[in-house]
Amino acid sequence: MSMKASTRQVDGVTIVDLSGRITLGEGSVVLRDTIKDLLGKGAKNILLNLGDVSYIDSSGIGELVSAFTSVQRQGGELKLLHLTKKVHDLLQITKLYTVFDVQEDEPNAIKSFSVK
Amino acid sequence: MESTLESVNKAEEMVGQLAKQAGFDEDARDGISMSVREAMINAVIHGNAYDPGKRVNLSLEQNNGELIITIGDEGKGLEPEEIPDPLAPDNLMKQSGRGIFLIRAFMDEVRFRKLEPGTEVTLIKRIPGSDLDRQEAST
C-alpha cells in the first residue's frame, strides 16, 4: 500500500493525516514533498497524524527526523499524533521517542502548540 | 535478484510469508521483515548502487530451529564496524544510518562476510518453541 497524505487546518495548526507505509521510495518522497510544500506556504505548526501509518522503515524514520529539523529551522514546531504500537516501538528503539513531541489526543495536541 | 526497489519489496514479502509458516508471531514477523528490507536496501543502494549489471543474491532457509536469511551484493564492500552508532548524541538527528542498527535489534544473530567483490550478510532468528529456542531460554 502506497502512502497518502492529506492536510487540514484546525485553529492555526496544520494537521497532516498520513496513511500507508513511510518507506524508501514513494512513501518517503510524499512526506518530504508535503512538508516542503507546507513550509513554502508559511505553515509553522504541523501535526503529523500517524494513526493510519502501518509501517515505517529506516528511510521513513530519517524523513520524520528531517521533517522535524526542517520545521524547527523555520521557527515552527512539528509534533506527532496517534502512533501505532509498531511506530511507537521503533521510535523507542532508535531513542527518538523523547526527541519528538508525541501526542495522543487531537484537541490537546492542537492546544499544545505554543504560537498560533 | 535485480538491484531495484521492487526486489526489496519482493524479498520483504517472501520473508514475511516464510516467517508466518515457520510460526513466528506478528511482532517477530514484523521485525524479521524489516531486517530483510533494511539488508536488501543496503545491498541495492549502498552495495550495488542500483547498477543493473550487479545482482543481489537472496537465500532463505529454515533449518534446525532457525530461520536463516542470507543477502549478498556485488558492491564495493562494507565495514560494519565503521558504521557510526545511530544512538550517539551527535548522530541521533541524522537522516540516515539506522538500518544495520535495526537489523541487530530485531534478529538473534547478524553476521557479515566479505565477498570478492561485495558483502554478504546473514540474518538468523530462532524459531519459537524449537530446540534451539529452548536451549537459549535455559542458558
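Student: How many residues lie between S3(B) and S4(B) in their hairpin?

Tutor: This is a predicted model. In it, S3(B) and S4(B) run antiparallel and are joined by 7 bridges. One of the paired positions is B:Val110, whose bridge partner in S4(B) is B:Leu123. The number of residues between the two strands of the hairpin is 2.

Student: Does S3(B) lie largely in the open or is it buried?

Tutor: A residue counts as buried if 20 or more other C-beta atoms lie within 10 Å of its own. Of the 7 residues of S3(B), the number that are buried is 0, so the strand lies largely in the open.

Student: Which strands stand at the edges of the sheet?

Tutor: The sheet is open, with 4 strands of chain B in the order S1-S2-S4-S3 and antiparallel pairing. A strand at the edge has a single partner strand, so one of its sides is left without a neighbour in the sheet. The strands in that position in chain B are S1 (57–63) and S3 (109–115).

Student: Which residue in S4(B) stands opposite B:Ile71?

Tutor: S2 (residues 66–72) and S4 (residues 118–126) of chain B pair in the antiparallel sense, over 7 bridges. Opposite B:Ile71, the residue in S4(B) is B:Val121.

Student: What angle does the direction of H1 of chain B make with that of S1(B)?

Tutor: Neighbouring strands of the sheet are turned against each other by 15 degrees on average, direction ignored. Helix H1 (residues 5–22) of chain B packs on this sheet and touches S1 and S2 of chain B. Its direction makes an angle with that of S1(B) of about 0 degrees.

Student: Why is H2(B) called roughly antiparallel to H3(B)?

Tutor: Helix H2 (residues 26–47) and helix H3 (residues 99–106) of chain B pack with their axes 9 Å apart, at an angle of about 150 degrees. Angles over 145 degrees count as roughly antiparallel. That makes the arrangement of H2(B) and H3(B) roughly antiparallel.

Student: How many nonpolar residues does the contact of H2(B) with H3(B) have?

Tutor: The crossing of these helices, H2(B) and H3(B), is left-handed. Residues making the contact include B:Ile32, B:Met34 and B:Ile41 of H2(B), and B:Leu102 and B:Phe106 of H3(B). By class, 4 residues are polar and 1 is charged, while the number that are nonpolar is 7.

Student: Which element gives the largest share of the side of chain B that touches chain A?

Tutor: In chain B, 16 residues are in contact with 14 residues of chain A. The elements giving two or more residues to that side of chain B are H2 and H3. The largest share, 5 residues, comes from H2(B).

Conventions. Residues are numbered from 1 along each chain as its sequence is written. Chains are lettered from A and ligands numbered from 1 in the order in which they are written. This is a predicted model: local features need pLDDT of at least 70, side-chain atom pairs count only at pLDDT 80 or more; totals for chains, interfaces and linings use all residues. Axes are lines fitted to C-alpha atoms, for helices over the stretch in contact, and angles run from 0 to 180 degrees between N-to-C directions. Angles under 35 degrees count as roughly parallel, over 145 as roughly antiparallel, 65 to 115 as roughly perpendicular and the rest as oblique. A crossing is left-handed if the near helix is turned anticlockwise from the far one by less than a right angle, and right-handed if clockwise. Two residues are in contact if their C-beta atoms, placed from the backbone, lie within 7 Å. Ala, Val, Leu, Ile, Met, Phe, Trp, Tyr, Cys and Pro count as nonpolar, Asp, Glu, Lys and Arg as charged, and the others, Gly among them, as polar. Two strands pair if DSSP finds at least two bridges between them. A residue is buried if 20 or more other C-beta atoms lie within 10 Å of its own, exposed if 12 or fewer, and partly exposed in between; C-beta atoms are placed from the backbone.
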